[in-house]
Amino acid sequence: MEWSAAAGHLITIGIMAVALGMDAFSLGIGIGLKGVRKLDVLKLSALIALFHVLMPLGGMLTGHYVSGLLGGVATSAAGALLLLLGGHMVYSALRGEAVSSFSHRTFWGMLVFALSVSIDAFSVGVSLGMFSAHMMFTVLLFGFVGGAMSVLGLLLGTRVSQSLGGYGEAFGGVILFAFGLLFLI
(Lines give C-alpha, C1' and ligand atoms only; values in the text may rest on other atoms or scores of the structure.)
Protein backbone atom coordinates (compact mmCIF):
# COMPACT_ATOMS: atom_id res chain seq x y z
CA MET A 1 0.00 0.00 0.00
CA GLU A 2 2.83 2.41 0.86
CA TRP A 3 4.56 1.75 -2.48
CA SER A 4 1.46 2.68 -4.48
CA ALA A 5 1.11 5.93 -2.52
CA ALA A 6 4.75 6.78 -3.28
CA ALA A 7 4.26 5.95 -6.96
CA GLY A 8 1.13 8.11 -7.07
CA HIS A 9 3.05 10.96 -5.47
CA LEU A 10 5.88 10.58 -7.99
CA ILE A 11 3.45 10.60 -10.93
CA THR A 12 1.64 13.65 -9.55
CA ILE A 13 4.86 15.63 -9.11
CA GLY A 14 6.00 14.56 -12.59
CA ILE A 15 2.77 15.73 -14.19
CA MET A 16 2.98 19.04 -12.32
CA ALA A 17 6.57 19.48 -13.52
CA VAL A 18 5.43 19.02 -17.11
CA ALA A 19 2.51 21.41 -16.60
CA LEU A 20 4.87 24.07 -15.23
CA GLY A 21 7.32 23.42 -18.05
CA MET A 22 4.62 24.16 -20.63
CA ASP A 23 5.18 27.91 -20.19
CA ALA A 24 8.87 27.50 -20.95
CA PHE A 25 8.04 25.27 -23.90
CA SER A 26 5.39 27.54 -25.40
CA LEU A 27 7.31 30.78 -24.94
CA GLY A 28 10.44 29.01 -26.15
CA ILE A 29 8.65 28.23 -29.39
CA GLY A 30 7.83 31.92 -29.78
CA ILE A 31 11.45 32.94 -29.27
CA GLY A 32 12.66 30.07 -31.43
CA LEU A 33 10.52 31.37 -34.29
CA LYS A 34 12.57 34.58 -34.22
CA GLY A 35 15.75 32.55 -34.53
CA VAL A 36 18.03 31.60 -31.68
CA ARG A 37 21.65 30.49 -31.51
CA LYS A 38 22.56 27.19 -29.85
CA LEU A 39 24.60 29.02 -27.21
CA ASP A 40 21.54 31.12 -26.36
CA VAL A 41 19.45 27.93 -26.10
CA LEU A 42 21.90 26.58 -23.52
CA LYS A 43 22.06 29.84 -21.57
CA LEU A 44 18.29 30.36 -21.52
CA SER A 45 17.55 26.76 -20.63
CA ALA A 46 20.09 26.70 -17.80
CA LEU A 47 18.64 29.92 -16.37
CA ILE A 48 15.09 28.57 -16.68
CA ALA A 49 16.13 25.33 -14.97
CA LEU A 50 17.68 27.36 -12.13
CA PHE A 51 14.53 29.47 -11.73
CA HIS A 52 12.37 26.31 -11.86
CA VAL A 53 14.35 25.14 -8.81
CA LEU A 54 14.55 28.41 -6.87
CA MET A 55 10.96 29.60 -7.35
CA PRO A 56 9.19 26.43 -6.13
CA LEU A 57 11.77 26.07 -3.35
CA GLY A 58 10.90 29.56 -2.11
CA GLY A 59 7.23 28.73 -2.53
CA MET A 60 7.56 25.48 -0.61
CA LEU A 61 9.31 27.18 2.27
CA THR A 62 6.54 29.78 2.31
CA GLY A 63 3.95 26.99 2.10
CA HIS A 64 5.40 25.19 5.12
CA TYR A 65 5.10 28.42 7.10
CA VAL A 66 1.54 29.10 5.88
CA SER A 67 0.59 25.49 6.61
CA GLY A 68 1.57 25.98 10.23
CA LEU A 69 -0.68 29.04 10.36
CA LEU A 70 -3.65 27.48 8.58
CA GLY A 71 -3.57 24.01 10.12
CA GLY A 72 -6.25 21.74 8.64
CA VAL A 73 -7.30 24.28 6.01
CA ALA A 74 -3.92 23.99 4.24
CA THR A 75 -4.97 21.37 1.67
CA SER A 76 -8.05 23.37 0.70
CA ALA A 77 -5.96 26.53 0.39
CA ALA A 78 -3.43 24.65 -1.77
CA GLY A 79 -6.21 23.35 -4.00
CA ALA A 80 -7.74 26.80 -4.36
CA LEU A 81 -4.35 28.25 -5.25
CA LEU A 82 -3.83 25.63 -7.97
CA LEU A 83 -7.35 26.28 -9.29
CA LEU A 84 -6.61 29.99 -9.57
CA LEU A 85 -3.20 29.46 -11.13
CA GLY A 86 -4.47 26.90 -13.66
CA GLY A 87 -7.46 29.05 -14.53
CA HIS A 88 -5.22 32.08 -15.05
CA MET A 89 -2.88 30.10 -17.32
CA VAL A 90 -5.81 28.92 -19.47
CA TYR A 91 -7.30 32.43 -19.57
CA SER A 92 -3.95 33.98 -20.55
CA ALA A 93 -3.41 31.41 -23.30
CA LEU A 94 -6.91 31.84 -24.74
CA ARG A 95 -6.75 35.62 -24.49
CA GLY A 96 -3.48 35.58 -26.39
CA GLU A 97 -1.33 37.52 -23.94
CA ALA A 98 2.24 37.45 -25.16
CA VAL A 99 5.55 38.32 -23.60
CA SER A 100 6.54 41.81 -24.63
CA SER A 101 9.36 41.95 -27.10
CA PHE A 102 12.86 41.99 -25.61
CA SER A 103 16.24 40.76 -26.66
CA HIS A 104 16.75 37.23 -25.39
CA ARG A 105 20.48 37.60 -26.01
CA THR A 106 21.06 40.14 -23.22
CA PHE A 107 21.42 39.17 -19.57
CA TRP A 108 18.31 41.18 -18.60
CA GLY A 109 16.32 39.71 -21.47
CA MET A 110 17.22 36.20 -20.39
CA LEU A 111 16.41 37.05 -16.78
CA VAL A 112 12.97 38.44 -17.72
CA PHE A 113 12.25 35.40 -19.87
CA ALA A 114 13.31 32.92 -17.16
CA LEU A 115 11.33 34.76 -14.49
CA SER A 116 8.23 35.02 -16.67
CA VAL A 117 8.10 31.26 -17.29
CA SER A 118 8.98 30.37 -13.68
CA ILE A 119 6.81 32.70 -11.62
CA ASP A 120 3.90 30.25 -11.51
CA ALA A 121 6.29 27.66 -10.02
CA PHE A 122 6.41 29.79 -6.85
CA SER A 123 2.63 29.49 -6.42
CA VAL A 124 2.70 25.77 -7.06
CA GLY A 125 5.56 25.51 -4.56
CA VAL A 126 3.41 27.24 -1.95
CA SER A 127 0.66 24.70 -2.59
CA LEU A 128 3.05 21.76 -2.39
CA GLY A 129 4.69 23.14 0.74
CA MET A 130 1.31 23.17 2.48
CA PHE A 131 1.05 19.40 2.36
CA SER A 132 4.71 18.46 2.81
CA ALA A 133 5.84 17.32 -0.62
CA HIS A 134 9.36 15.93 -0.82
CA MET A 135 11.11 19.25 -1.25
CA MET A 136 14.48 18.39 -2.78
CA PHE A 137 13.15 15.79 -5.20
CA THR A 138 10.32 18.07 -6.28
CA VAL A 139 12.40 21.17 -6.99
CA LEU A 140 15.12 19.21 -8.80
CA LEU A 141 12.51 17.51 -10.98
CA PHE A 142 10.84 20.87 -11.69
CA GLY A 143 14.23 22.32 -12.66
CA PHE A 144 15.16 19.41 -14.91
CA VAL A 145 11.80 19.30 -16.67
CA GLY A 146 11.58 23.10 -17.03
CA GLY A 147 15.06 23.24 -18.54
CA ALA A 148 14.41 20.32 -20.86
CA MET A 149 11.08 21.72 -22.05
CA SER A 150 12.65 25.10 -22.75
CA VAL A 151 15.32 23.40 -24.88
CA LEU A 152 12.58 21.56 -26.78
CA GLY A 153 10.54 24.73 -27.27
CA LEU A 154 13.49 26.81 -28.42
CA LEU A 155 14.74 24.14 -30.84
CA LEU A 156 11.31 23.32 -32.21
CA GLY A 157 10.35 26.97 -32.55
CA THR A 158 11.72 27.24 -36.06
CA ARG A 159 9.76 24.20 -37.20
CA VAL A 160 6.43 24.53 -35.41
CA SER A 161 3.46 26.80 -35.87
CA GLN A 162 3.18 29.64 -33.34
CA SER A 163 -0.37 28.62 -32.41
CA LEU A 164 0.92 25.50 -30.61
CA GLY A 165 2.54 27.72 -27.99
CA GLY A 166 -0.79 29.02 -26.71
CA TYR A 167 -2.27 25.54 -26.67
CA GLY A 168 0.71 24.28 -24.70
CA GLU A 169 0.22 26.90 -21.98
CA ALA A 170 -3.53 26.23 -21.92
CA PHE A 171 -2.88 22.49 -21.53
CA GLY A 172 -0.53 23.15 -18.60
CA GLY A 173 -3.21 25.35 -17.00
CA VAL A 174 -5.83 22.62 -17.37
CA ILE A 175 -3.52 20.14 -15.62
CA LEU A 176 -2.91 22.49 -12.68
CA PHE A 177 -6.65 23.28 -12.51
CA ALA A 178 -7.44 19.54 -12.39
CA PHE A 179 -4.99 18.98 -9.53
CA GLY A 180 -6.57 21.89 -7.71
CA LEU A 181 -9.95 20.18 -8.02
CA LEU A 182 -8.48 16.91 -6.74
CA PHE A 183 -7.11 18.67 -3.65
CA LEU A 184 -10.53 20.15 -2.92
CA ILE A 185 -12.47 16.90 -3.38
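User: What share of the contacts with a separation of 6 or more in the protein comes from residues 24 or more positions apart?
Analyst: In this predicted model, where contact means heavy atoms within 4.5 Å, residues 24 or more positions apart account for 94% of the contacts with a separation of 6 or more. Residues are numbered from 1 along each chain as its sequence is written, and side-chain values use heavy atoms, with hydrogens and water left out. Local features need pLDDT of at least 70 and side-chain atom pairs count only at pLDDT 80 or more, whereas totals for chains, interfaces and linings use all residues.

User: Why is S118 called buried?
Analyst: S118 lies in helix α4 and has 0% relative accessibility, so S118 counts as buried, the term standing for under 20% relative accessible area, with exposed over 50% and partly exposed in between (1.4 Å probe, protein chains only). Leaving aside neighbours within four places in sequence, S118 is in contact with I48, F51, H52 and M55, and its C-alpha is 8.9 Å from that of V53, 65 residues apart in sequence.

User: What makes G86 count as buried?
Analyst: G86, in helix α3, counts as buried because its relative accessibility is 0%.

User: How do you know how the reach of helix α5 compares with the expected span?
Analyst: Helices are DSSP runs of H or I with at least four residues, strands are runs of E with at least two, and both are numbered from the N terminus; the protein has six helices and zero strands. The expected span is 1.5 Å times one less than the number of residues, and α5, with 22 residues (135-156), reaches 31 Å from first C-alpha to last, close to the 32 Å expected. Among the buried residues of α5 are T138, F142, G146 and L154.

User: Which residues have the most contacts inside the largest nonpolar core?
Analyst: A nonpolar core is a set of buried Ala, Val, Leu, Ile, Met, Phe, Trp, Tyr and Cys residues joined through side-chain atoms within 4.5 Å; the largest one has 34 residues, and M16, I48, F113, V124, L128 and F142 have the most contacts inside it. Helices α1, α2, α3, α4, α5 and α6 each supply at least two residues of this core, and α1 gives the most, with 10 residues.
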